[in-house]
Amino acid sequence: LSDGPEAYLRDTTAGVFTAVYIPFLASFAVLMLAPDEDGASRVTLFILVTVCSDLGGYLVGVLIGRHPMAPRISPKKSWEGFAGSVIACAAGGSLAVPYLFAEPWWKGLVIGLAAVCSATLGDLGESLIKRDLGIKDMSTLLPGHGGIMDRLDSLLPTVPVAWLILTALVPVA
């Protein structure tokens with residue numbers, strides 16, 4: 001309020017969004033940990049498929065990425081990289097679910113495909129916020145990685161999706 005009414009609504013909205021976004025989405029990780037029997041495995045799976053999405057997309061995108069997915073939002077994100085994310089995430093989920101939960105591979109495939117969608121949307125959303133703010137990196141805590149939010153931009157939107165699908169498809173051990 002000390003700056004006057006200009007951009008007050010924008011600044012207030014950004015402040016509320018920041019205060020709610022991270023704790024709300026991260027709370028789903030706590031829900032995944034609730035079952036004593038396999039809670040840690042649920043969180044491990046969620047992190048694994050998200051990392052598979054990020055790594056698959058990065059490696060394939062760097063090696064053969066030619067067609068930008070959303071050039072005005074994230075110029076280096078390519079459709080080829082997205083295909084790499086899909087393959088890595090689907091493979092990671094398909095391999096991990098039978099190992100961690102003794103459940104059929106297709107349940108891991110479903111989790112992996114859902115995770116790649118939410119992780120990609122989270123990454124694009126964070127890139128859009130950075131573009132709007134006119135900054136390249138959210139911080140320099142992790143040099144060369146765009147800051148700590150570049151590690152969370154895929155994880156945070158994926159955690160509620162993973163929780164929902166795991167709750168529906170994988171019974172508590």
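Predicted model: local features only at pLDDT ≥ 70, side-chain atom pairs only at ≥ 80, totals over all residues.

**Entry 1: salt bridges.** I started with aspartate 123 and lysine 77, whose side chains meet in a salt bridge at 2.5 Å, N to O. Aspartate 123 sits in helix α4 and lysine 77 in strand β2 (residues 74–78), so this pair ties together parts that are 46 residues apart in sequence.

Is aspartate 123 buried or exposed? I looked up its relative accessibility and got 16%, which counts as buried because the cut-off is under 20%.

How many salt bridges does a search of the whole structure find? I got 3.

**Entry 2: lysine 107.** I stayed on this lysine for a bit. Lysine 107 belongs to helix α4, and its relative accessibility is 11%, so it counts as buried. What does lysine 107 contact, leaving aside its neighbours within four places in sequence? I found Val97 and Leu169. I also checked C-alpha distances: lysine 107 and glycine 93 are 14 residues apart along the chain, and their C-alpha atoms are separated by 7.9 Å.

Entry 3: Alanine 102 has a relative accessible area of 69%, so I put it down as exposed.

Entry 4: Threonine 50 is in helix α2, and I get a relative accessible area of 1% for it, so it is buried. Skipping its neighbours within four places in sequence, threonine 50 touches Ala119, Ser154, Leu155 and Thr158.

Threonine 120 is in helix α4 and comes out at 10% relative accessibility, so it counts as buried too. Where do its contacts go, with neighbours within four places in sequence left aside? My list for threonine 120 reads Ser53, Met69, Lys77 and Phe82. Lys77 is also the salt-bridge partner of aspartate 123 from my opening entry.

**Entry 5: the nonpolar core.** Which residues of the largest nonpolar core touch the most other members? The core has 22 residues, and the answer is Met32, Leu45, Ile111, Val159 and Leu166. I then asked which elements give two or more residues to this core, and got α1, α2 (39–64), α3 (79–101), α4 (105–133) and α5 (149–169). Helix α5 gives the most, with 5 residues.

Apart from neighbours within four places in sequence, isoleucine 111 is in contact with Leu45, Val49, Val97, Ile165 and Leu166. Val97 is on the contact list of lysine 107 as well.

**Entry 6: aromatic rings.** I counted 4 aromatic pairs. One of them is phenylalanine 24 with phenylalanine 28, an edge-to-face pair at 5.5 Å centre to centre with 90° between the planes.

**Entry 7: the outside.** I looked for nonpolar residues at the surface and found a patch made of Ile47, Val51, Leu55, Tyr58, Leu59, Val62, Leu63 and Ile64, with about 790 Å² of accessible area together. Tyrosine 58 lies in helix α2, and its 54% relative accessibility makes it exposed, because the cut-off is over 50%.

**Entry 8: whole-chain numbers.** I left the overview for the end. The chain has 5 helices and 2 strands, in the order α-α-β-β-α-α-α along the sequence. Of its 173 residues, 39% count as buried. The accessible surface comes to about 10,100 Å², with 72% belonging to carbon and sulfur atoms. Taking contacts between residues at least 6 apart in sequence, I noted that 66% join residues at least 24 apart.

Terms used
Residues numbered from 1 in each chain as written. Heavy atoms only, no water. Phe/Tyr/Trp six-rings, centres within 6.5 Å; stacked < 30°, edge-to-face > 60°. Core = buried A, V, L, I, M, F, W, Y, C linked by side-chain atoms within 4.5 Å. Buried < 20%, exposed > 50% of the residue type's maximum accessible area, 1.4 Å probe, protein only. Helix = DSSP H or I, 4+ residues; strand = E, 2+ residues; numbered from the N terminus. Contact = heavy atoms within 4.5 Å. Patch = residues over 30% accessible without salt bridge, like charges linked within 9 Å, V, L, I, M, F, W, Y side chains within 5 Å. Areas by Shrake-Rupley, 256 points an atom, 1.4 Å probe, with all protein chains shown as cover. Salt bridge = Lys/Arg side-chain N within 4 Å of Asp/Glu carboxyl O.
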